[in-house]
Amino acid sequence: MAPKTERIQFLRAVRQLHRVRSFYAAGVLLWAGSSAWTGWQAPGSRQMWVSLLLLTAFTALLVTAGLSLRRLPAPTTGRPAHHAAPRKTAHPRHAPV
């Protein structure tokens, strides 16, 4: 029973890390655009430095999530996980109602 729950926890962790990584990537894009815009409009202003600080923070979080996803070891189970329902053919004698 332990390998099955371990596999489920692994899949949940991978799914969550993928979601978090995409959120951080969107944050990096947003703050890169904001930093470029404020750097163009008001170079050296407080808003530009705050945008750059947030860009740095989201970049560090994105790198950390990517490294965590890469280093996450896959649990070794004897067989692969099956998520789909088994494919059973209908008996030819049974007509649909």
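User: Before we start, what counts as an aromatic pair here?

Analyst: Rings of Phe, Tyr and Trp pair if their centres lie within 6.5 Å. Keep in mind that this is a predicted model. By that rule, the structure holds three aromatic pairs.

User: What makes the pair of Phe23 and Phe58 tilted?

Analyst: Look at the angle. Their ring centres are 6.3 Å apart, and the planes make an angle of 55°. Stacked needs under 30 degrees and edge-to-face needs over 60, so 55° lands in the tilted class.

User: Is Phe23 buried or exposed, and how do you know?

Analyst: The relative accessibility of Phe23 is 54%. Exposed means over 50%, so Phe23 counts as exposed.

User: And what about Phe58, buried or exposed?

Analyst: Phe58 has a relative accessible area of 17%. The cut-off for buried is under 20%, therefore Phe58 is buried.

User: What makes Phe23, Tyr24 and Phe58 a cluster?

Analyst: Ring pairs link them.

User: Which residues make up the largest nonpolar core?

Analyst: There are five: Tyr24, Val28, Leu55, Phe58 and Ala65. H1 and H2 are the elements giving two or more residues to this core, and H2 has the largest share, with three. Here's a handy background idea: in soluble globular proteins, nonpolar side chains tend to be buried together.

User: What does Ala65 touch, if we skip its neighbours within four places in sequence?

Analyst: Ala65 is in contact with Leu17, Arg21 and Tyr24.

User: How much of the whole protein chain is buried?

Analyst: Of its 97 residues, 15% count as buried. The chain exposes about 8,400 Å², and carbon and sulfur atoms supply 64% of that. As for its elements, the chain has two helices and zero strands.

Note on methods
Residues numbered from 1 in each chain as written. Predicted model: local features only at pLDDT ≥ 70, side-chain atom pairs only at ≥ 80, totals over all residues. Heavy atoms only, no water. Phe/Tyr/Trp six-rings, centres within 6.5 Å; stacked < 30°, edge-to-face > 60°. Buried < 20%, exposed > 50% of the residue type's maximum accessible area, 1.4 Å probe, protein only. Helix = DSSP H or I, 4+ residues; strand = E, 2+ residues; numbered from the N terminus. Areas by Shrake-Rupley, 256 points an atom, 1.4 Å probe, with all protein chains shown as cover. Core = buried A, V, L, I, M, F, W, Y, C linked by side-chain atoms within 4.5 Å. Contact = heavy atoms within 4.5 Å.
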